[in-house]
Amino acid sequence: FQNIMPKGFVDGFSRNENYYDSFREAMAVGRKAIDYDKKKEEYKNQTGNIRRGIGLATFWYNTAVYPISLESSSCRMVLNQDGSVQMQLGETEIGQGGDTAFSQMAADAIGVKMEDVHIVSTQDTDVTPFGLGAYASRQTFVSSFSITNTARVFKEKILDRARKILEYTPNNLDLVDSMIIRKVDNKPLMTLGELATEALYDTRDSEHISAEETYTIRNNAFSFGCSFAEVEVDISLGKVKLLRLINVHDCGRLINPRLAEAQAHGGMSMAVGYALSEELKYNDKGQILNNNLLDYKLSTTMDHPHFEVYFIENPSPVSPFNTKSLGEPPTCSPAPAIRNAILNATGVQVNKCPMTPHVLFPLFKEAGLIENDYEQDMEYDA
């Protein structure tokens, strides 16, 4: 506790500030969920071949670092004839649910129904505005700036057109749920589809309403979290069975809770493989020996316990939707948590991944947990 980042910490290099005591909050949630103190006491002074242990590891994460690393995102919005909105982004959907989050943010920022926002799915910067891609847990955070900036200009153009049609001042109008309304009493005046049609087919003053903006981000937010792992270790086999894994994250405001949980589950699965099974093997000439999915041991659902994910929503004050990173953070802390659980179970420190029987068996033997004649007995039995 004495070494973790405190509330109010300001990084002198990136200028990022920690606005919350997220580390301690996350650990408190996970500690209660897994009943850490009870199990730590229960697993004291174990003997025998099969032993259990519990471990904790924490992480912090941030993406863009000022002043040497700048993030940029561009967005284009077009009002279609039926009142739906076409949005083009250089940010890339790679299965993480990015397009859904982008649509949610756009719908909120413009004032339209989410089903009226259509993302251009080519993800090709020959077609879309420029984007830097999917990496470093950046996309939801970074794109929120360009989406809201573009939405502001786009909405102003829509309301200005509504002013001309309805003969109101823009300050008296708003766009809510794809409907132009009068602010003073929220009375619906016309649908966005009606406005788009009238604007496009006006024979004297036709207008194709669109907006495009770029935003360069020079700040970011710390995201925090931790993992609690419970394991069962078969010392004589050097084998670890993962009984329980809990991740707790402060990733700011959740744009889509179900997608966030799914993102965390995927990261936890990757981390289990990294911790216990995934390893590239090379021969003396540097050639990969297991460059296939049969011999490269990815973890599967059979190797996983039921993953548990908890979120602390401490909103970031520096981003439009108060978000923080969540792409890579779920993979950061499970492996060291599993390592610490093995330490708790056996008293043996493991400093190499993956923690396979080939790694663990010599360490257990060196620690005196396995009798010296064990290998001879095994050879005899064979």
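**Helices α6 and α7**

In this predicted model, begin by selecting helix α6, residues 257-276, together with helix α7, residues 334-346. The two helices pack at an angle of about 50°, and their axes lie 8 Å apart. An angle between 35 and 65 degrees is neither roughly parallel nor roughly perpendicular, and α6 and α7 are therefore oblique to each other. Their crossing is right-handed.

Next, display the side chains at the contact. On the α6 side, select A271, Y274, A275 and L276; on the α7 side, the residues that they meet are P334, A335 and I338. Colouring this contact by class gives seven nonpolar residues, with no polar and no charged ones.

**Along α7**

Helix α7 has 13 residues. From its first C-alpha to its last, α7 reaches 18 Å, close to the 18 Å expected at 1.5 Å a residue.

Which residues of α7 are buried? Select P334, A335, A337, I338, R339, A341, I342, A345 and T346. The list contains P334, A335 and I338, which also take part in the contact with α6. As a guide to reading such a list, an α-helix has 3.6 residues a turn, so residues three or four places apart point the same way.

Select P354 with C353 and inspect the bond that joins them: the peptide bond is cis, with omega about 0°.

Is S316 buried or exposed? Its relative accessible area is 1%, under the 20% cut-off for a buried residue, so S316 counts as buried. Setting aside its neighbours within four places in sequence, S316 is in contact with A221, N322, T323 and K324.

One of those partners, N322, is the next selection. N322 also lies in the loop between β11 and α7. Its phi is positive, about 60°, although N322 is not a glycine. At 23% relative accessibility, N322 counts as partly exposed.

**Helices α3 and α4**

The crossing of α3 and α4 is right-handed.

Show the contact residues on both helices. From α3 these are F102, M105, A106, A109 and I110; from α4 they are Q139, T140, S143, S144, I147, T148, A151, F154 and K155. By class, the contact of α3 with α4 divides into eight nonpolar residues, five polar and one charged.

Proceed to the loop between β6 (179-182) and β7, and select N186. Phi of N186 is near 60°, a positive value in a residue other than glycine. N186 is exposed, with a relative accessible area of 52%.

Then select K187, in strand β7 (residues 187-191). K187 is partly exposed, at a relative accessible area of 44%. Not counting residues up to four places away in sequence, K187 touches I180, I181 and R182. To place K187 against L173, draw a C-alpha to C-alpha distance: the two are 9.8 Å apart in space and 14 residues apart in sequence.

**The loop between β9 and β10**

For the last stop, select L237, in the loop between β9 and β10. L237 is partly exposed, with a relative accessible area of 49%. How far apart in space are L237 and Y168? The C-alpha to C-alpha distance is 79 Å, and the two residues are 69 residues apart in sequence.

Note on methods. Residues numbered from 1 in each chain as written. Predicted model: local features only at pLDDT ≥ 70, side-chain atom pairs only at ≥ 80, totals over all residues. Heavy atoms only, no water. Axes fitted to C-alpha atoms, helices over the stretch in contact; angles between N-to-C directions. Helix = DSSP H or I, 4+ residues; strand = E, 2+ residues; numbered from the N terminus. Parallel < 35°, antiparallel > 145°, perpendicular 65-115°, else oblique. Left-handed = near helix turned anticlockwise from the far one by under 90°. Contact = heavy atoms within 4.5 Å. Nonpolar A, V, L, I, M, F, W, Y, C, P; charged D, E, K, R; others polar. Expected span 1.5 Å × (residues − 1). Buried < 20%, exposed > 50% of the residue type's maximum accessible area, 1.4 Å probe, protein only.
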